[in-house]
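Good morning, everyone, and thank you for making the time.

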Amino acid sequence: MSTSYQVTDGVAVITLANPPVNGLGQSTRAGIVDGIHKAQSDAAVTAVVIIGSGKVFCGGADIKEFGSPKASAAPDLHVTISAVEQSSKPVVAAIHGVAMGGGLELALGCHYRVVSPGTQIALPEVNIGIVPGAGGTQRLPRVLGVEAALQMITTGASVPSDKLFKAPGQKLFNQLVDGDLLAAAVAFAKGVAAVRPLPSVRDLSVSALADAEAFAKARAELAKTRRNLIAPQRCVDCVEAATKLDLDAGIAFELEVFNGLVTSDQARALRHAFFGERAASKIPDVPDSTTTRKVEKVAVIGAGTMGGGIAMCFLNAGVPVILLEMKQEAIDRGLGIIRKNYESQVSKGKLAQDKYEQRMALLTTTLSYDDIAQADMVIEAVFEDLGVKSQVFTKLDAVMKPGAILASNTSTLDVDKIAEVTQRPGDVVGLHFFSPANVMRLLEVVRSKHTAKDVMATVMQVAKKIKKVAVVSGVCDGFIGNRMFEQYVRQGFFLVEEGATVQQVDKAAEAFGWAMGPFRVGDLAGNDIGFAIRKRRYLEKPDVIYSKVGDAICELGRFGQKVGKGWYDYEVGKREPVPSAEVQAAIDKVRLDKGITARAISDEEIVQRLTLAMVNEGALILAEGIASKASDIDMVYLTGYGFPVYRGGPMLYADMLGLPKVVELMKQFQANPNDDQAFWTPAPLLAKLAAEGKTFC
Ligand code: NAD
């Protein structure tokens with residue numbers, strides 16, 4: 001059993017002992033029920049305390065049981081909580097560290113709750129596409145009121161216990177305990193041992209503050225902030241039910257909603273995202289036991305757009321950074337931008353002034369390589385040019401202390417070649433941050449054929465420290481993310497060439513869930529980047545099939561928002577895209593030159609072509625071993641490219657569509673003479689999985 005039971009001084013203490021977070025797996029649940037029964041039948045026991053071992057009270061469901069029959073094996077969580085609630089002797093939850101999901105629901109079933117300050121309290125189920133399923137939506141409003149409960153349940157955000165304890169009228173906690181929690185809980189339990197009737201959350205009524213209008217407002221707000229997501233809306237339904245139904249009827253309603261959501265596509269996608277993020281840190285041939293190098297001081301080369309953002313990531317994590325540039329002006333400019341970024345966070349109340357000062361105090365600058373020699377890791381973010389980067393790495397090789405990790409933030413260059421300019425290629429790795437580097441969660445870790453395993457293990461650990469989702473990519477043009485994105489954008493070009501409008505393609509992509517369609521992204525990032533890449537790649541290879549619409553608009557100087565015009569027109573100072581007659585004329589001309597007659601294209605075809613183009617490239621990436629698993633590809637898209645999280649990523653999207661259907665659609669697209677027909681030959685891995693009835697994920 002994942003619990004222990006001990007009686008001290010007339011108080012039975014049930015200790016949850018299921019590391020790492022005392023998850024409520026079957027044996028933990030059984031241990032709680034068993035402990036309650038033992039306490040009932042022992043005349044010497046007058047009260048019960050439930051406490052967690054280790055650093056937390058309880059993190060909720062045991063994720064190891066997710067999807068297995070054990071998750072609902074007897075006693076299920078409802079039965080467990082009922083046993084606690086119906087105990088004839090008072091049960092006190094002694095809460096520290098974390099009380100989340102089922103852990104909080106268990107505590108809410110207890111008669112009393114004492115808590116350590118700084119404990120994270122949350123019902124995070126909404127983030128995996130479900131509602132809390134063991135009474136959380138019914139009991140939390142009874143102890144916190146509708147407004148606070150709605151906020152916690154619909155966002156899944158955690159709130160520190162001391163803040164909740166101070167909330168006026170709260171009935172969640174009976175005591176805030178500074179110091180020895182167990183001793184305080186036992187003393188509390190003894191103090192209430194004789195109190196009858198036992199207080200129960202079920203007997204509290206929900207404050208009548210909330211009316212139908214308040215719930216309608218919450219739903220409307222969530223439709224904006226959590227666009228297209230079903231679970232937040234259903235959380236509102238459950239909390240509203242708590243204001244209308246008695247506890248048992250409310251719990252029955254909650255369970256019905258829970259059962260409806262748990263098997264939905266959105267919940268499947270969000271679970272995939274949850275597990276995929278955790279799985280991304282595992283590298284098949286680099287065991288968890290690999291010894292890592294210490295990284296306590298970091299150097300960043302180049303204080304431009306990326307260098308500044310990368311420096312901030314480390315400063316935010318409390319790691320000292322030394323920033324190296326070629327000229328003092330460049331340092332001043334870079335520092336100015338870092339300060340401005342932090343000051344804007346301070347003025348918005350997102351960062352305390354003293355924290356800002358602490359972070360800036362960790363930052364030093366230099367013009368000399370000698371000053372960075374003792375850094376444990378150096379990240380190069382200079383111009384994207386192999387010659388410039390080779391010079392930098394030659395210098396780093398000469399000055400850096402032995403064992404220092406040498407990383408490059410290159411987005412397109414060959415990390416094997418960068419490694420080969422040094423005498424220590426095993427120490428070289430790609431760390432591809434996304435812009436703005438201090439905001440975007442994705443970090444592609446580019447593993448060169450030379451990179452040492454302990455370097456990989458170390459950078460994965462460092463990524464966690466700076467709160468990035470690190471996904472390992474092999475060396476190839478564009479790595480995982482940009483290589484697939486190129487196919488997505490390429491399809492966008494074919495689609496407008498064939499007859500869709502720029503706006504239609506963007507709108508269809510946005511309705512699918514992307515934050516912005518491909519053309520709006522182009523205007524934001526700069527259309528000249530792709531133009532330069534195409535010039536380099538395709539102009540030398542006239543037989544490559546691609547649509548020239550992108551070149552046509554760049555030849556008109558329409559590089560995007562930075563010049564006030566791109567795929568759309570932009571009014572001065574505004575970011576609102578306005579359809580452009582000049583762009584349409586340029587597209588019409590490309591179409592005419594190619595002898596294509598425009599046809600109406602459905603939104604469904606647009607979305608399928610855009611997405612399946614990525615999927616096919618993803619299948620090639622997997623087969624080549626550039627990504628080691630399909631979920632890694634999906635994590636790249638969810639955390640770095642704004643792919644709708646409730647669809648789980650392109651590879652899960654393909655699985656959910658059904659791979660035979662994906663192959664069938666690709667064959668249809670292959671028959672289209674106005675597309676790149678060879679591209680649509682299903683990748684061998686895709687064809688094989690489809691034929692065998694298997695899936696990517
Ligand atoms: P940037 O032009 O904003 O900054 C480059 C900085 O490097 C400049 O401040 C320059 O003075 C400095 N620099 C150049 N040569 C140097 C040298 N030899 N020693 C020291 N400093 C030197 O460029 P950026 O957008 O920050 O890009 C930097 C790198 O990051 C490139 O490899 C780029 O491909 C990559 N990257 C960029 C993005 C992006 O969205 N901008 C995203 C991911 C990766």
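This is a predicted model: local features need pLDDT of at least 70, side-chain atom pairs count only at pLDDT 80 or more; totals for chains, interfaces and linings use all residues.

Residues are numbered from 1 along each chain as its sequence is written, and side-chain values use heavy atoms, with hydrogens and water left out.

Let me start with M306, which sits in helix 12, residues 305-316; helices here are DSSP runs of H or I with at least four residues, strands are runs of E with at least two, and both are numbered from the N terminus. Is M306 buried or exposed? Its relative accessible area is 18%, and because buried means under 20%, exposed over 50% and partly exposed in between, with a 1.4 Å probe and protein chains only, M306 counts as buried. If we set aside the neighbours within four places in sequence, M306 is in contact (heavy atoms within 4.5 Å) with A381, N409, F433, F434, S435 and A437.

Turning to helix 5, residues 146-155, its buried residues are V146, A149, L150, M152, I153 and T154. Those residues pack against several elements, including helix 4 (136-144) and helix 9 (231-244). After helix 5 comes G156, with a positive phi near 75 degrees.

Helix 4 and helix 9 also pack against each other, at an angle of about 60 degrees and with their axes 8 Å apart; axes are lines fitted to C-alpha atoms, for helices over the stretch in contact, and angles run from 0 to 180 degrees between N-to-C directions. On the helix 4 side the contact is made by T137, Q138, P141 and R142, and on the helix 9 side by C238, V239, A241 and A242.

Finally, the structure holds 18 aromatic pairs, where rings of Phe, Tyr and Trp (its six-membered ring) pair if their centres lie within 6.5 Å, and planes under 30 degrees apart count as stacked, over 60 as edge-to-face and the rest as tilted. One of them, F485 with W514, is edge-to-face, at 6.4 Å centre to centre and 65 degrees between the planes. F485 lies in helix 18 and W514 in the loop between helix 19 and helix 20, 29 residues apart, and both residues are buried. One aromatic cluster takes in F434, F485, Y488, F512, W514, Y637, Y641, F643 and Y653, and F434 brings us back to M306, with which it is in contact.
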